[in-house]
Amino acid sequence: MQGVKMAAIHEQPPPYEDVSPPEYADNFTVQRRHNTRKSDEIKCILADTYGAHTLGDLISGNVVVCPITDVEVDCILIDFVLVESCIMTAGKVLPRTIKKVSISHHKVPTDSLQGGVLHEGLEYTFPFSILIPYALPMSACRSEAHSDLHSMLPASIGAPYNNRVDRKQLDDLPDVPARLTYGLRVRLAKNDQKIKEYFKVLKFSPTYPIDEYATHYQGNYQTTKGIKTSPFQAHDSGQLSLEAPQPMVLGLTGGSNLTDLVLNLKFQTMKKNQVPMIRRLNYKVISRLTVTPPKIAPTSLRPQVETLSSQSFDTKKVDWEQRGSNYVSQVHVPILLPEDQRRKLTPTFATCMVSREYEIVVQIQAGSRANPKKNIEICVPLILVSNKGMDRRTSMESISFIDSSQESLNLETQKYCSIDSTTN
């Protein structure tokens with residue numbers, strides 16, 4: 001095979017008798033190559049190979065076309081594409097539903113392509129570059145009043161969408177076969193009609209700053225319940241409130257897999273000098289994956305819920321501080337996310353079709369006697385982020401890690417949880 005020098009724009013190709021291939025401009029080249037394999041007609045060769053791309057990366061390389069027959073084209077389009085796919089709705093397995101979203105694109109100039117034809121026996125090389133944007137295009141979401149999370153690019157999840165699409169793969173999510181695949185799509189077209197298409201899978205892992213999640217999860221999380229301080233009382237002694245000032249944030253890489261969830265307690269008493277006994281605390285960390293394929297009513301779907309970890313603690317003592325007619329305290333609940341689970345989890349994300357979010361459910365047994373019906377429960381959002389290579393705008397103080405002196409704590413042998421009185 002012999003390479004060909006670039007020619008000036010509008011230069012005529014050499015005579016038919018010449019054995020060398022024609023010359024073209026617009027920054028693409030052509031050389032002779034006889035191709036008999038359909039699978040080799042279109043290829044995408046990247047200038048740099050990354051383990052995974054992220055926000056703001058510039059993807060550059062060459063698209064190589066070796067047609068096995070002459071192909072008429074008037075457009076060669078290269079897209080950076082997100083493909084969402086799933087096969088489960090309302091507990092029933094249905095044919096895989098696929099939604100493709102073009103995030104950004106590059107149009108290859110073809111004005112200097114002789115006769116608008118890619119000739120059999122020639123190899124055409126077209127350079128390209130595509131910038132990965134910070135957010136999905138507005139057209140990606142079907143809802144007019146959608147969550148801000150829908151604008152954020154989720155991470156790659158599961159096997160490639162076109163990898164044995166009728167079967168579940170080991171790389172798929174464990175609770176539902178849903179996949180999020182990124183890739184470069186090369187499309188040859190004529191009169192807006194697709195002639196040929198090629199898809200190259202890319203790994204993608206975004207690193208958004210924590211404040212990008214703020215508008216979706218803003219606000220305090222609070223619950224209140226009437227409590228009796230004595231089993232002989234006919235009426236409640238007061239109202240016990242639990243409050244989490246903000247969602248909990250955990251990184252999926254680095255740091256420790258054990259951290260504290262801080263809850264504020266307030267007891268509004270109806271009888272002086274009577275405060276409830278806090279007997280026991282339970283918590284569980286759950287993931288909630290929701291799949292909403294197009295043309296399926298959201299009310300017909302049930303989220304796939306998985307418990308990731310759970311613990312129970314007997315309480316030793318709660319120190320209450322009186323403030324007027326109220327008593328306040330603070331609970332530090334040690335939350336453990338097993339390391340083998342943490343490695344398999346995905347960052348928090350939500351698209352129109354697939355979403356995976358996490359929360360911590362804490363139950364406190366309070367009052368005169370142990371009674372599950374009298375438990376007070378609070379649900380606190382847990383935001384999981386891929387903090388490897390975290391954006392500089394992300395405050396590390398907002399990521400929940402504990403110091404190394406606490407890492408050796410064995411929750412299975414710990415009888416009492418950490419409960420401290422409020423200091424301010």
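Ring pairs join Phe 28, Tyr 124 and Phe 126 into a cluster. Let's explore it with a few exercises. This is a predicted model, where local features need pLDDT of at least 70 and side-chain atom pairs count only at pLDDT 80 or more, while totals for chains, interfaces and linings use all residues. Residues are numbered from 1 along each chain as its sequence is written, and side-chain values use heavy atoms, with hydrogens and water left out.

**Exercise 1. Classify the ring pairs of the cluster.**

Step 1: Start with the rule. Rings of Phe, Tyr and Trp (its six-membered ring) pair if their centres lie within 6.5 Å; planes under 30 degrees apart are stacked, over 60 edge-to-face, and the rest tilted. The structure holds seven such aromatic pairs.

Step 2: Take Phe 28 and Phe 126. Their ring centres are 4.9 Å apart and their planes stand at 35°, so this pair is tilted. It links distant parts of the chain, 98 residues apart: Phe 28 lies in the segment before β1 (29–32), and Phe 126 in strand β8 (residues 122–131). Strands (E, at least two residues) and helices (H or I, at least four) are DSSP runs numbered from the N terminus.

Step 3: Take Tyr 124 and Phe 126. With 6.4 Å centre to centre and 10° between the planes, this pair is stacked.

**Exercise 2. Are Phe 28 and Phe 126 buried or exposed?**

Step 1: Buried means under 20% relative accessible area, exposed over 50%, and partly exposed in between (1.4 Å probe, protein chains only).

Step 2: Phe 28 and Phe 126 are both buried. Tyr 124 is buried as well.

Step 3: Try the rule on two cysteines. Cys 66 counts as buried because its relative accessibility is 1%, whereas Cys 379, at 33%, is partly exposed.

**Exercise 3. Find the place of β8 in its sheet.**

Step 1: Strands of a sheet pair through backbone hydrogen bonds, either parallel or antiparallel. Here, two strands pair if DSSP finds at least two bridges between them.

Step 2: Read the order. The open sheet has four strands, β1-β8-β3-β2, with antiparallel pairing. β1 and β2 (42–46) are the edge strands, each pairing on one side only.

Step 3: Look at β8 and its partner β3 (residues 58–65). Eight bridges join these antiparallel strands, and Val 65 stands opposite Tyr 124 in β8.

**Exercise 4. How many disulfides are there?**

Step 1: A disulfide is a pair of cysteine sulfur atoms within 2.5 Å.

Step 2: By this rule, the count is zero.
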